Structures are given as structure tokens and as C-alpha cells.
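Please look over the sequence and the model shown here before reading on.

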Amino acid sequence: HNCVLMETTASPNIFLTELESIFSLQVCIVDTGVRGTIAVGLVPQYYKLDYQPGWLPHSVAYHADDGKLFNGNGLGQQFGPKCFTGDRIGCGIYIESFDRGMATVFFTRNGKEIGSVVLAVSPDGLFPAVGMHSLGEEVRIDLQAEWGRDEDDSVMMVDSHEDEWGRLHDVKVCGTLLEYVGKGKSIMDVGLAQARHALSTRSHYFEVEIIDPGEKCYIALGLARKDYPKNRHPGWSRGSVAYHADDGKIFQGSGVGDPFGPRCYKGDIMGCGIMFPRDYTLDSEGDSDECIEGAEIKPKQPPPQQQQQQQ
């Protein structure tokens, strides 16, 4: 089998036993590859690495390509929806269910519980595992996910980094991954992700890696005013500047760009920053992020005595 299985057997603090209060694993699908045969689940410590999780005894897994649950054999049962790029698959155990070697394992999709199954616990414990079975499949793993339940709903509580963004339009956030989810049919179908805080002397640079260029790699990286139009690429309207990956041009408040650098492709890292002069200071009181957001940057003024001498 052309399968890659990642287990956390090297970290004994991560496996699931009745000593843990609760544990959850969450995987974000970055790229489904050729077939999207990605599996997320739990396996014994010495599980065979050439088998998908869920195919062998004492293992269970939710498979993204068909939405089936595999519980210790190669015949899956319909369990939930299929999963695609940007979806998050979670897996965990209700610790209170531990009883004489049995445990209730639950699965989630995008933070919502799909269902659960009772599984016999291996004497060595249960280990989080991710299986991949076709070329190009890529996932991002979060082993620190927290699970919260109430009477009405169950939600996987993971730091989605959404609080770092002031505005999101036709862009979905999955951890540190940004994905365009707009129509892409016209020049107005632009997706915009604008950071909550402005650049400052303490945080003056950022980078973006192109994970998937899409059809035409219409990706722009730059700076824009706080009230920038949500349906305009950075650089197209006043108060903005941006480097565009598809043609390597720089746009400075205009829809007409100038040749600037090379085109960018999958795997390239684009960066943008401000080179503040050493004598620049923030025209704001205090050091909080709230002050920085609306701060005006200007040259540091000399002492009053020097100002009089200069006059």
C-alpha cells in the first residue's frame, strides 16, 4: 500500500489512557492530493505503518474520501460527510467512558461532532494517527485541541487564529491557513483578509507561503488602510500597495501595475514589511495593541531647546 502513517509513538505523553482527563486531535486538510484518501483516528502503539488507520483490529478512523468509519477492518460504514481542502477532522475520547478496557471515541468535522463509537482499548493505550494514501496529500496537525460539550451542542475549541484578522471577506481561516472561498467569476469576486493590527516598529514584517496557487494564482500581498474596500485587491485602490504573485507587478493605489519582481508559484514565500527609520516613534500613549492600531507614525521631534536653536 502506498500509505504514509504518522503516529505519536515517540511521545509517551500524548497517547490516550485513563490517566488523561480528556484528549483531542484535530487535523486540517491543506491539500487533498489526487484522491483525498486521508484518515484520522486512533491505533495501538505498534500499528503496522503500511495500513490505513481503522483497517486493523484495535484501531478506528474516519476517512475523508468517502466519509466512512473504519473500525478494526477494511469494510467501512457510512458515518459522516466527505471532507475536502480546508476541512478540519477531529478525534478524541470521552474519558468518563473508560470502563474495563472500553472507551467511547468521538469524531468531529469543522468543530461539530459527527458521532461516536465504542472501542476496545489496547493495553498499550491508543495513539493518534493520520493515514495518507495518494500523491500530494497534505495536512496540518493540532495535538493541543480542546473539546467542550454542553447540553445543546458540542464544539471542538481550537485556536483558529480568527481573532488575528480584523476583516475576512470570502476567505476561510483554518489555523494559519487562509483559503479563498469566493465565486472567482468576475473582477469583483475578490477575497480579502485584513489583519486586526497595523504594522509597527515592534512588528514590522510578515510573510505568506503559497500552499496552493489555485487556477491563476491571483494572490496579492501588501498593506492597506483600515477601511479598504473588501472587493478590491490590495494595491488597486488608494491607500494601499501590494505585490501581485500572478504577474510579479507592484500596484500602488491603481489598477495599473508596474513590473517589480518575479512571478510567484506554489511553495514560494512572499514577504512585506516597513523599514522604519531609527528615529521614528509611535504617536500614541501606552504600548497596548489598541493604541498601535490607530497610531500615526512620524519622525521623533527634538527637545524644545533644540527646536528653538533650529528656528
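The report below takes up the nonpolar cores, the strand pairing and the cysteines in turn.

## Basis of the report

This is a predicted model, in which local features need pLDDT of at least 70 and side-chain atom pairs count only at pLDDT 80 or more, while totals for chains, interfaces and linings use all residues. Residues are numbered from 1 along each chain as its sequence is written, and side-chain values use heavy atoms, with hydrogens and water left out.

## Nonpolar cores

A nonpolar core is here a set of buried Ala, Val, Leu, Ile, Met, Phe, Trp, Tyr and Cys residues joined through side-chain atoms within 4.5 Å; buried means under 20% relative accessible area, exposed over 50%, and partly exposed in between, with a 1.4 Å probe and protein chains only. The largest such core has 25 residues, and those with the most contacts inside it are Ile38, Leu42, Val60, Ile89, Ile93, Val105 and Phe107. At least two residues of this core come from each of β2 (23-32), β3 (38-43), β4 (60-63), β7 (88-99), β8 (102-109), β9 (112-120) and β10 (127-132), where strands (E, at least two residues) are DSSP runs numbered from the N terminus. The largest share, four residues, is supplied by β7. Apart from this core lies another, of nine residues, which include Ile210, Cys217, Tyr243 and Met270.

Leaving aside neighbours within four places in sequence, Ile89 is in contact (heavy atoms within 4.5 Å) with Leu25, Gln26, Val27, Ile29, Val40, Tyr62, Ala64, Cys83 and Thr108. In soluble globular proteins, nonpolar side chains tend to be buried together.

## Strand pairing

Two strands pair if DSSP finds at least two bridges between them. Strands β8 and β9 run antiparallel and are joined by eight bridges, with Thr104 opposite Val118 in β9. The two strands form a hairpin with two residues between them, and Asn110 in the turn has a positive phi of about 55°.

An open sheet of four strands has the order β18-β19-β20-β21, with antiparallel pairing. Its edge strands, β18 (220-224) and β21 (258-259), each pair on one side only. Five bridges join β18 to the antiparallel strand β19 (residues 240-244), and Leu223 has Val241 in β19 as its bridge partner.

## Cysteines

The structure holds zero disulfides, a disulfide being a pair of cysteine sulfur atoms within 2.5 Å. For Cys264, the closest cysteine sulfur is that of Cys217, at 7.0 Å, which is too far for a bond. Cys264 counts as buried at 9% relative accessibility, and Cys91 is also buried, with a relative accessible area of 1%.
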